[in-house]
Amino acid sequence: MALSPFWIWCIAAVILFLMEFFLPTAFVEATLGISALIVAFTSFLIPSFPLQVVLWILLSVVVVFLMRRYQPKRTAPILKEGAEAQTITQILPGETGRVLYDGISWQARCDDPHLAIAEHQRVIVIGRQGTTLIVVPEDTIS
């Protein structure tokens with residue numbers, strides 16, 4: 001017994017919704033599932049399966065772009081200059097090391113290219129270049 005296109009699209013929609021539930025992708029799979037449901041109900045009006053696939057693709061693109069308008073805008077984490085961090089590794093002069101800042105391990109470089117910072121030392125974050133924090137030893141700031 002062959003499944004009708006209506007049931008094929010309904011099954012596809014359920015699979016896409018489950019995928020979104022188990023593998024969250026910012027509602028991309030859910031929007032594809034919504035498009036599949038719409039095509040399922042229009043399959044009675046459009047009997048050609050290849051046309052249904054084209055309709056599903058077009059609807060998916062439109063729904064994804066419409067849903068993006070309602071997603072919250074992502075902002076880069078705000079760096080609190082002057083905040084304390086602690087070195088995880090030694091930072092050699094002119095090189096990078098690792099610091100623990102706000103509970104996250106960051107790549108870090110000393111602001112003074114001639115100064116080394118020991119491991120497990122408190123540092124002050126004075127800036128950021130890309131994903132590298134610029135730090136100075138806490139005892140140099142008085």
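## Burial of the tryptophans

Trp9 is buried, with a relative accessible area of 7%, whereas Trp56 counts as partly exposed at 22% relative accessibility (buried means under 20% relative accessible area, exposed over 50% and partly exposed in between, with a 1.4 Å probe and protein chains only). The model is predicted, so that local features need pLDDT of at least 70 and side-chain atom pairs count only at pLDDT 80 or more, while totals for chains, interfaces and linings use all residues. Residues are numbered from 1 along each chain as its sequence is written, and side-chain values use heavy atoms, with hydrogens and water left out.

## Aromatic pairs

The structure holds 7 aromatic pairs (rings of Phe, Tyr and Trp, the last by its six-membered ring, with centres within 6.5 Å; planes under 30 degrees apart count as stacked, over 60 as edge-to-face and the rest as tilted). Among them, Trp9 and Trp56 form a tilted pair, 5.9 Å centre to centre with 40 degrees between the planes. Trp9 lies in helix H1 (residues 5–22) and Trp56 in helix H3, so the pair ties together parts that are 47 residues apart in sequence (helices are DSSP runs of H or I with at least four residues, numbered from the N terminus).

Phe21 and Phe22 form an edge-to-face pair, with 5.0 Å between centres and 80 degrees between planes, and both residues are exposed. One aromatic cluster is formed by Phe6, Trp7, Phe41 and Phe44.

## Contact of H2 with H3

Residues of H2 that meet H3 include Thr31, Leu32 and Ser35, and their counterparts in H3 include Trp56 and Leu59 (contact means heavy atoms within 4.5 Å).

Notes. Helices (H or I, at least four residues) and strands (E, at least two) are DSSP runs, numbered from the N terminus.
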